[in-house]
Amino acid sequence: LETEALQKVAEATSLKELQDVRVAYLGKKGPITEVLRGMGKLSKEERPVIGELANTVRGNIADAIDGKKETIEAAELEKQLEEETIDVTLPGRPAPTGGPHLLTSIVEEIEDLFIGMGFEVREGPEVETDYYNFEALNLPKGHPARDMQDSFYITEDILMRTHTSPVQARTMNAMEDKRPVKMICPGKVYRRDTDDATHSHQFTQIEGLYVDKNVRMSDLKGVLDRFAKQMFGEDREIRLRPSFFPFTEPSVEMDISCKMCHGDGCSVCKQTGWIEILGAGMVHPRVLEMAGYDPKVYSGFAFGMGPERIAMLKYGVDDIRHFYTNDKRFLKQYHQA
Ligand code: PHE
């Protein structure tokens with residue numbers, strides 16, 4: 001019996017099989033229990049002999065089972081560890097990452113460029129008063145140039161700003177000691193335009209203002225020339241054409257020479273070879289005066305540009321709506337590696 005049981009223990013390959021062996025040989029209905037139960041029928045002399053033998057056999061089988069149990073458990077643990085090992089040399093799965101929006105990058109690039117020329121970055125409200133958006137910029141009520149900028153009015157006196165120029169007036173007004181001002185202001189502006197490839201009811205502008213003693217037109221030209229070359233390449237030229245804005249006198253529009261070079265050669269982007277990129281001029285004496293700067297002492301220049309337009313030119317983006325619809329396939333092209 002013992003040999004047979006030990007053989008079964010040795011053959012068992014799982015805990016389940018081992019448990020079956022235990023029940024079969026040591027269980028309540030097993031042969032050893034049966035022998036011990038039948039002890040009463042034995043003679044006085046036989047009892048201790050049989051009893052001892054049965055106990056020894058039972059002990060041996062139980063020891064064998066316990067020993068085997070450890071072996072099986074160890075083997076199973078081993079197997080489990082093997083199956084669950086982590087191969088740290090396998091390549092990882094990259095987590096998708098975002099990146100700055102093209103418009104954000106362009107605005108920051110322009111900011112950095114002007115910070116490098118000593119400008120501070122300022123901000124102003126998008127919901128603006130009629131006073132700052134128009135009056136303080138020499139556009140009194142009824143001025144025909146107000147029509148140039150069809151506006152979103154909120155009340156009769158409050159509107160969504162149509163340009164970032166009100167920040168010129170706000171910044172100068174806020175200077176209690178009427179110190180020189182040298183600032184740029186990026187921000188959103190709003191106009192009642194029908195959205196298409198080149199128009200949007202909401203877009204971005206970057207305003208620039210430099211007010212000091214003896215600021216001249218040549219300073220404006222120098223700053224804009226540096227901007228254009230740093231933004232588009234040292235081979236670019238700028239040209240200023242006379243224009244009109246109520247808040248600058250004289251007023252100009254700036255064109256940049258537009259030779260576009262792609263892989264196999266260069267072409268001129270427009271018939272004329274020039275493309276308009278911003279409006280600018282010498283701050284109108286009335287604007288200085290209204291903001292508390294004496295136009296006999298101070299002079300200044302101002303400019304306003306659209307970063308979307310700059311980005312479109314620099315990267316060949318063909319539709320302004322790409323900036324706002326946020327198709328990831330578009331945005332991803334401009335993420336730095
Ligand atoms: N505010 C003008 C516009 O929106 C641009 C401009 C700014 C022109 C500053 C001259 C000086 O078109």
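Visitor: How many salt bridges does the structure hold?
Guide: First, a word on the source: this is a predicted model, where local features need pLDDT of at least 70, side-chain atom pairs count only at pLDDT 80 or more, and totals for chains, interfaces and linings use all residues. Residues are numbered from 1 along each chain as its sequence is written, and side-chain values use heavy atoms, with hydrogens and water left out. A salt bridge here is a side-chain nitrogen of Lys or Arg within 4 Å of a carboxyl oxygen of Asp or Glu. The number of salt bridges in the structure is 19.

Visitor: Which residue forms a salt bridge with glutamate 73?
Guide: Side chains of opposite charge can pair when their charged atoms come close. The closest N and O atoms of this pair are 4.0 Å apart, and the partner of glutamate 73 is lysine 69.

Visitor: Why are glutamate 73 and lysine 69 separated by about one helical turn?
Guide: Both belong to helix α4, residues 46-83 (helices are DSSP runs of H or I, at least four residues, and strands are runs of E, at least two, numbered from the N terminus).

Visitor: Which strand gives the largest share of the shell around the ligand?
Guide: Strands β5 (202-212), β10 (274-283) and β11 (299-305) each supply at least two residues of that shell. The largest share is three residues, and it comes from β11.
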